[in-house]
Structures are given as C-alpha cells and as structure tokens.
Amino acid sequence: MQTDATTSATDKIRCDACPVMCYIKPGAAGACDRYANHDGQLVRVDPHIVLERTKSHGGRLVPFQAGGDWDGKIVHEPDVFVTAIGAGTTYPDYKPAPFIVSSQIDGVDMVTVVTEGIFSYCGVKVKIDTDRYLGPETATVRVQGEAVGHVTTSEYGSQMLSLGGVHHLTGGSKKEGRVTCDALMDLSNCKPVELVIDGGASVVVQAGYPPIVNGVAEERMRVGCGSATIGMFAKQWHGKVDEVVVVDDHITGVLSEHQAGKLLDVADTGIKMKGRRSTPGRYFQVAEPGTGWGGTKISDPLTVLGPFDPKVARPGMTMLMVSTTGEHAAYYELDAALKPIEKTLPADLKLSVERIQENCEPALCTVLFMGGAGGSLRAGVTDNPVRLTRSVKDALTRVTSGGAPVYVWPGGGITFMVDVTRLPAGAFGYVPTPALVAPIEFTLRLSDYAALGGHMDHVRPLASLKANPETRQMAPPPSGSRL
Amino acid sequence: MKRQPQIGWLSDGRRLHLQDGPIDLIVEAHGSEANLRGAYHAAVRRFTGLLDELCDELPALREAADPAQCLLQGPVARRMHTAVAPFAADHFITPMAAVAGSVAEEILGAMVGEASLDRAYVNNGGDIALHLGGGEQFSVGLIDRPDQFGLLRTMIIGASDPSRGIATSGRHGRSFSLGIADAVTVLARTASQADAAATIIANAVDLPGHPAIVRCPAEELQPDSDLGARLVTRDVGHLEGFEIVAALEAGSDKARALLTWGLIDGAALHLQGETRVVALKGFGASGRHAAVPQQIESAICA
C-alpha cells in the first residue's frame, strides 16, 4: 500500500503519513515502524493485516463491539482487510487455510478465507508501451539465455509478451524452470527484469515504469503518427494557421495536402517536403531516426522542408511545425522572399500543442499476474472444492489477491488476472517446485461459507488475529534487483 | 480534513488502544462505569490532535535542551523539557528523550481530571503513567528483551509508594541508545521523569571503544534523528563476564547519583542476562518466568 511521498534530492523519502514527516532512508522504517522506504517508495509494513480500506476521512465510526451500553462514539478504527500475504500455506493444501477470519463488515457477518496459493499454472502477461520493434510474433523471450515465454500480439502503441506458464516452469530443464520462476516473481513484485527477444530487442521491463529498449528509456506514447495527428487536430487548426507539419520519424503529416485538410478546404500552400511521399500529405523518412523532433534526429524542423513554390506561396503565410508528442513546436511566417521566419507561437496554437502533449500518455510496462486456483488450494477453503468455484461464478464469493481486485476468467476453474502494481510490496514468493506463491482471498458471507462446506470449526474472529503470536511482521523485501 | 487517530479496543475488550503516527498507547482504568466512560472519552479527546501539537514544535524538541530556560509552548512539550532539564547541563539530551512518558502523563492527566478513578494506567510503548487511588496497587512486570517473551521480574507499586511513572530504555526499543544495555527500567515520580532518566542511565551502561560493539551515526539510520551524528549502538557481540560487570557498574553509578538527587526512585539495569538493581526500596525480586503474550503486551497487570 502506498501513500504519497515526496522524493527529495537524495535517495531518502519524506513520509507524509503523519505530521512527524520522517525522512526515511532506503530499506529503513520511519519513527512509527509502520511505514518504510522500499526502493524509493513509501510502503506500509504493518503486521499481517496490511491493507486498511482506503476511505475518505469521513470519520465513519465503527460501533464499539465489546458489548455493554457504550454509545459507540469513541471508537474510530479504519476498516481492515486481512490479506493472504504471509499467511503461509502448505502444499498440497490438505489442511484448512491458515487463517479463516471472520470480521464484521457493514453488519454482515463476513468471512475472509486467507491463504497463499501455490501456482505452478501461472504466468504474467506483459504490455510494453512502445512503437519500437521488439521482435517477431511468437519469437522466444529469454532471461539469462533461458526461454521464459514468447512475443504475442501487437496492440495499439504497445507490444504484448506472454511469459511463464507450466511448460517453462516445469516442462523444460531445471534451470529453465528456476529462471522462469525468478523472472515471474521479480516481475510480479514490480522489480526490473531484462528480457532478450530472439531476433529482436533487449528490453528492461518493470511494472509501472517505462520500458528500456536497447538501453533507451521510452518516455511517452505518441498521440499517433504524424498523419494521424493531422487527422485528430485538423479541425482545431483550421482557420488559425495556413499550414501544419507534424514531424514524425514514421509518417510525417502535412495539413494542406492531407485528406483531413482537403475535407476542410484548406488551401494549398506551396510547401515542399523532403522524404518519400506515401499518399497525399503523408511522408516517410523525412529524416533519420533519433532523439530530436518526433523521433527523428533533427533539431531544426525547417531542414525537412524544401523551398516553397513561388507560384502558390505568398508572403505572410503562417505555418506550425510540431512533433507527434507535442514536445517540440515552432511557428513561422513567410517573409517577402518566401523564407519561413520563426515567430512567437500564438496562444490558440499553443493550446493545440498542449492538447497533443496531454494526449500522449507516459509509456509504461504493465504486468498482469495470471494464475489458476487448483483443486488443492480450493480444498483449503472448503471440503467440497467445486462449490467454491461455483460460488465465485455466482458472484457470491469475491476473489481478491493481496486485497487487489482481480478479473476472473469465465469458464472452468478459478483463473484470475491481477495488476501486480496494486498488490503491496513483496506480495509474491516462490517454492522450489518451482512455482509462484501468490496471495489469494475469497470473501463471502459466513452463512454462504457454511453452505459450501467451509471449515467452520477453523473460523476465527478478526480480533483474534491482531493479538495473535502467529501474526507475522511483513518485512520489507530485500532491495536491489537482478540487473 | 482533520486527521483522526486510530482508536480501538484490544481483543480483551478492556484495554483501549490509541494510535497516531508513532504513538501507540494502551489505556486501562478501573472505576464506576460512568467514570470509566468519562475517562476514556477524555483520553480520546486529549489524544486527538496531540501529535500535531508536538509536531508544531518538533524542530525545537529535537534541539539539545537548554537547562536554564524553556521556550516551548505546548504543555506536553514543556513537560518534556522539564523532565530532561536536570540532565541538560552535563549531558547531550533533547526533550525527545522524554516524549513517550510525557504523552502518557498527559493522557492520564486528562482521564483523572475528568473522572474519579480507582486506578488507571497509560502505557506508551513501555513508558507508563500510573494513577493509584487509596489502597490500590499495580504489579508491574519487567522485560529486558522486548523481542522475547518472559518476565524478568515483577514488582508491586502501591498507593503509598511515591512512584507514578515507569519507563524502560535500551538498545532493543524503537529509539536509539548510545549505550549497550538491553534494558534499563526506572521508577520515578512521573512518567516523563522516568523516561528521561532511563535514557540517561541506559546510555551510561557502556564499554567505550569495545571491539564487539557496533555503532553507527544515528543520522545514517534516521536522517532526522535528534541524535545527529552521535554513534548509536547497533549490535553488541559477546562480552566477557567482567566486561558485563564493568558496563553495569558504570550505569549503576549513574543511577545511584540520580537516586541521591531524588530524580528517580529506583532502577533495574539489564545486560546480557545480568541484572543490577539500584533502589532505596526493593524491586520485588523474583526469577524469570514465562509469561503469556497477553501479559507482555502491556507488561502491567492487575
């Protein structure tokens, strides 16, 4: 669980969880021992019960539960949600899940069955926001030379990878299984992992961070190619400027020639583009790729233009040049010799540049953990495992992973996906099988739990966990990455 | 948006748990039902916003205390200063050395001021403020290692005894120690005085320059520690018997001086299984015995 924290110039962070405002060094905890700095992020390191429901400070008072005739006004306790992290488990799960906890939620006697599931059928789906070529579809993805997965489909502005799965975990060599398990665990715990794609790129993937492709960090997803940008913003430019060039290393767009400009009756300007014309208003290879304007290597956008056609162009004509991310923009007027002279960008055009920027989302890697709750795990929850499956499908039982919401796939079994950045730090572990250990919680009404054959004799009230010696301090995971 | 402390009952339903930032209090009172209600409400009222009050003056509270004058404003801050001032001429000490005891005292004061109670305590992480009505008593368990179960000994504090404050300091606690004591437990007139004195005595249990003692500048561990670059104890390796005796003697000398000056009523010093007691009246001695965790939680029971 993270709260806001400001990063100071050094590696320590300032905790703003309470007015003490501790400076906390990496790997250390604040004065309260409740918040710690894990790799520059403020994390909560409470005992077992790690997630408090984040509620607005409406000051809702939880009724005093110890009986008697108290008016209930003095107790103010945040709702707690017991997570499975650190619950501990055995494999196969023939005995009741370590903690079967009852707690009062909104007056309904709820039960949260907490266990750590061992998933040998599991993997991660990785989405990498980049337009760079990472490798051919179905190419093998490797870590330390071992095959851990493959390249799958390209989606809008991003490339998907599918990693792990039972064949890499247990179907290959011992080393392949171990390396795959380590890679999955690190990716799931939001640590960086370097992936090398056969016939393609090397990419460092870390959930919630920009991908680093062949050593270069991706910054923003462009709003679209230069041509697409013309299409999106033509109406906003119409009447405010005579010509717009969107510089892009893939397809550079020119408003007056582009179909979008034609539809708006934008007049010809006599502009002459360098590069190879694809279709009207769309140019390939106006410049070499690089880190300048729109992914090209240019720093002066006028270098992609030839001289204006004197038969069409006239002095005083205006032109906006902008990159596909809006990071670069310049405004020109043609002088008497039809030479573009840079002028101050008018306010209404500046707005359109900012609009482009606003529409360029930060490029990220996202990692979804995907696993299936096997029969033995389910047996830890109930003596009739299939009833748990049905209960989940009937939406009587809510499934969460480390308190984070999951998507449960339709069809047989309980196969779920969860965004790993929504789990508390260090939520995933492993066993030497090799397999990943991931938290999974099933929350349902106590009466429903009894009905599906729950281990009623092992149900414990939430209060008993708080003071229980079995409650473990969730130590911050060791820092440092495998890179 | 006002920050609310966390308020709840421990699992026994008898003890109130108040938490805000680094402050954790366990509060229990005995008296009539109406008085209990009044007292607990008073505790909650006083606790709400107390941390903010302290933080308003945090930079000054982290400065070495001036033995001659106090420029602090808040009642808790001023109590902290008063508690450390007697030591400030001869030692580096900041008001923070008495923060836990001072907060405990403040909350207990609010409770006793509101309602008539037979007896009550506010336990702030081992630094405890006591209220004892006529004929009442508390038995107090001593622990040398907060990370281990087991009571070292117990003692009885009765209404006729002068002590209303208990505090324990040592290298295993949440705050740093300049010394090597596992624990120094002090009885004093008030919790804030006990807190400050325990810090001073625990710092004095030391073997300067000993190779088995690992020390580290406090600010390397906590950048805003009031101890700055002073070396705090991180680990204590094997010590020979005579070395343990020497370290405990150094601490006992300090404790005897404080006893003579009337700053404490007694102290028990623990280091690697050895104990020294400095007191006018006996810390009721008894051997180590196992205790159940519920008792450890507050280290004080009726």
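This is a short exchange on how terms apply to the two chains of a predicted model.

Author: Local features here need pLDDT of at least 70 and side-chain atom pairs count only at pLDDT 80 or more, while totals for chains, interfaces and linings use all residues. Residues are numbered from 1 along each chain as its sequence is written, and chains are lettered from A and ligands numbered from 1 in the order in which they are written.

Reader: What makes a run a helix or a strand, and how many does chain B have?
Author: Both are DSSP runs, numbered from the N terminus: helices are H or I with at least four residues, strands are E with at least two. Chain B has nine helices and 14 strands. Chain A has nine helices and 32 strands.

Reader: How do you know that the length of helix H4 of chain B agrees with its residue count?
Author: The expected span is 1.5 Å times one less than the number of residues. H4(B), residues 75-88, has 14 residues, so it should span 20 Å; its end C-alpha atoms are 19 Å apart, which agrees.

Reader: Where does H4(B) bend?
Author: At B:Thr82, by about 25 degrees. The bend is the angle between axes fitted to the seven residues ending there and the seven starting there. A proline, B:Pro86, follows within four residues.

Reader: Why is a residue of H4(B) called buried, and which ones are?
Author: A residue is buried if 20 or more other C-beta atoms lie within 10 Å of its own, exposed if 12 or fewer, and partly exposed in between; C-beta atoms are placed from the backbone. In H4(B) the buried residues include B:Arg79, B:Met80, B:His81 and B:Phe87. Their cover includes helices H2 (50-56), H3 (58-61), H5 (99-114) and H6 (191-204) of chain B. By the burial count, 49% of the 302 residues of chain B are buried. For the 483 residues of chain A the share is 44%.

Reader: What makes a set of residues a nonpolar core?
Author: Its members are buried Ala, Val, Leu, Ile, Met, Phe, Trp, Tyr and Cys residues joined through C-beta atoms within 7 Å. The largest has 98 residues; B:Ile107 and B:Ile201 are among those with the most contacts inside it. H6(B) gives the largest share, nine residues. Apart from this core lies another, of 57 residues, including A:Leu163 and A:Val367.

Reader: Which residues is B:Ile201 in contact with, beyond its neighbours within four places in sequence?
Author: Contact needs C-beta atoms, placed from the backbone, within 7 Å. Among the partners of B:Ile201 are B:Val184, B:Val186, B:Ala255 and B:Leu269.

Reader: Why are strands S12 and S13 of chain A called paired?
Author: Pairing takes at least two DSSP bridges between two strands. S12(A) (residues 146-155) and S13(A) (residues 158-164) have five, in the antiparallel sense. A:Gly149 is the bridge partner of A:Leu163. Two residues lie between these strands, and A:Gly157 in their hairpin takes a positive phi near 65 degrees. S10(A) (residues 122-129) also pairs with S13(A), over seven antiparallel bridges.

Reader: How do you know that S13(A) is mostly covered?
Author: Five of its seven residues are buried.

Technical notes: Contact = placed C-beta atoms within 7 Å.
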